[in-house]
Amino acid sequence: ATGPFTSGERALITVPVLIASILHSLALTTAYIALPNMKGNLSATPDQAGWIITSFLVSNAIGVAATGWFSVRFGRKLVFLTAVAGFTLSSMLCATATTLEQLVLFRILQGTLSAPILPLSQAIMLDTYPRERHSFAMTTWSMAMILGPVVGPSLGAYLTDAFSWRAIFYINIPFGVLGLTGCILTVPETERRQQHLDWLGFFSISVAVAAFQLMLDRGERNDWFESTETIVEALLAALAVYIFMVHSATTRRPFLNFAVFRDHNFVVGVVLIFLFGLNVFSALLLMPLFLQEIQGYPVTTAGLVISARGFGTAFGMITAGRLADKIHYRYLIAGALIIVCIPSSYMLTWTDQVSTASVVTVNVTTGYGIGLLWVCLTTATFTSLPTALRTEGAALFALIRVIGASIGVSMFVSVLARSTQINYGVLVEHVHAFNEAFDLLPEGSAWNMQSPGGVARLSRAVAHQAQMIAFLNDFKLLVATTLLGIPLALLFRKAAPGKD
């Protein structure tokens, strides 16, 4: 059926669609909290563990870019069902991975196959409800998306602690089957038609994104441009970008219509969403690592603490809806960035003994700023973009956000790994028998330079402090990227009245 639907029919369509959407949003947040356990179980270094996150993000971004064409060519229902089935199957493969390489490969598969879930679930919700109910439909859909950051850390922590990290993937299987069955029975079909896809443009931008991300992920391990592999990856990314730009400028129907960049607000919004992805997703990666590796939190406790961010995000979104009609978006976005920057700056004062109350306060405040920022930024970016360009604009907006997230994760993990090594080398220079500080230690101290056990304990203490300093360096980077966005937010203009 194509509608209009009764209230009962709308409910039957909404429930399985939201189940599939929630599972997709949970796939990322549960992986963040389980990352330290994956790292230990798979014998991975911190930079290698980051591949588990970035592989999903990059493949998801590439998949989203082609979603529109596939849904028109093969029908939205078939593409959506394939995405849900692919997500369920790839979750099972991720759960059975025995090596880091296998897990990264299966995460790439998971990200690619599940890419259509979020954009198509949003489109299904809009088509299911009449225009006067679109606000309700989008509020329901958005609140379901919030369950990811709210429930994800706690759920992932509980499953990891009670079973193992594999459980965060196994749990997707029964709910995925349930959602798939419901979608088969209820999701309406749409018209199929032939549609042009600029395959050269799509292929070249996909190669550029993949090669650049591979360079970032493996650059630290390969000593960057001292490695032939990194040079090849950089050249391949640059060549692919060149081909994409030249081809897009000369073909009649390019994959990306550059006309979207004529809109001032859209350009500002794209830059800010890049910084948003770079900052927010990196913070989600750093916090579980900090709590578990520096403070020694059990994974369940860490999950509960991080879940506080989700509640702050929900409250921020609600606040944004109430303030949007009273305050211009440029000021709301700048204010949201300041709200995010304040707790990030406070994190620079942290030590390895920071209290749980301080961590929870930072997460709630940051989450509130993120919720306020997300709603205002997504609205302001499209206020003056012509209707004919909104579909392409939305796809590019999502693509840039995910690229920012993947680059941010790689960058922050790289800084963490390199800074830890450098700081350890600097600190260990002061650990020797001639350092007068050791004379002040009481007799029988655990840091006894004369015994192998004392030296080992001292080495662990130095490594611990080196890693703590590395986290502080990453926190400085978070502050810097947030501050960069504040003046950009003020560049938003008021949309011309009646512009379409």
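Which helix gives the most to the lining of the largest cavity? Helix H12 does, with 5 residues. The structure is a predicted model, in which local features need pLDDT of at least 70, side-chain atom pairs count only at pLDDT 80 or more, and totals for chains, interfaces and linings use all residues. Residues are numbered from 1 along each chain as its sequence is written, and side-chain values use heavy atoms, with hydrogens and water left out.

The protein chain has an average pLDDT (the predictor's confidence in each residue, from 0 to 100) of 82, and 92% of the residues score at least 70. Confidence is lowest in helix H7 (residues 134-162), with a mean of 75, and highest in helix H14 (residues 329-346), at 91. Helices (H or I, at least four residues) and strands (E, at least two) are DSSP runs, numbered from the N terminus.

Cavities and pockets are found on a 1 Å grid over the protein atoms alone: a cavity is a set of points where a 1.4 Å probe fits but cannot get out, a pocket is an open set with protein on both sides within 12 Å along at least five of seven lines, and lining residues have an atom within 4 Å of a point. Grid points are joined across faces, edges and corners, and a volume is the space filled by probe spheres set on the points. The whole structure holds 5 cavities of 30 Å³ or more.

| Space | Volume | Lining by class |
|---|---|---|
| Largest cavity | about 120 Å³ | 9 nonpolar, 4 polar, no charged |
| Second largest cavity | about 70 Å³ | 7 nonpolar, 3 polar, 1 charged |
| Second largest pocket | about 340 Å³ | 8 nonpolar, 5 polar, 3 charged |

Here Ala, Val, Leu, Ile, Met, Phe, Trp, Tyr, Cys and Pro count as nonpolar, Asp, Glu, Lys and Arg as charged, and the others, Gly among them, as polar.

Leu 275, Phe 276, Asn 279, Leu 337 and Leu 373 are the closest to its centre among 13 lining residues. At least two lining residues come from each of H12 (264-294), H14, H15 (356-381) and H17 (452-489). For the second largest cavity, H12, H14 and H15 each supply at least two; its lining includes Asn 279, Arg 309 and Leu 478.

The second largest pocket has a volume of about 340 Å³. Of its 16 lining residues, Ser 55, Val 104, Ile 108, Leu 214 and Asp 217 are the closest to the centre. Helices H2 (46-65), H5 and H10 (199-219) each give two or more residues to this lining, and H2 has the largest share, 6 residues.
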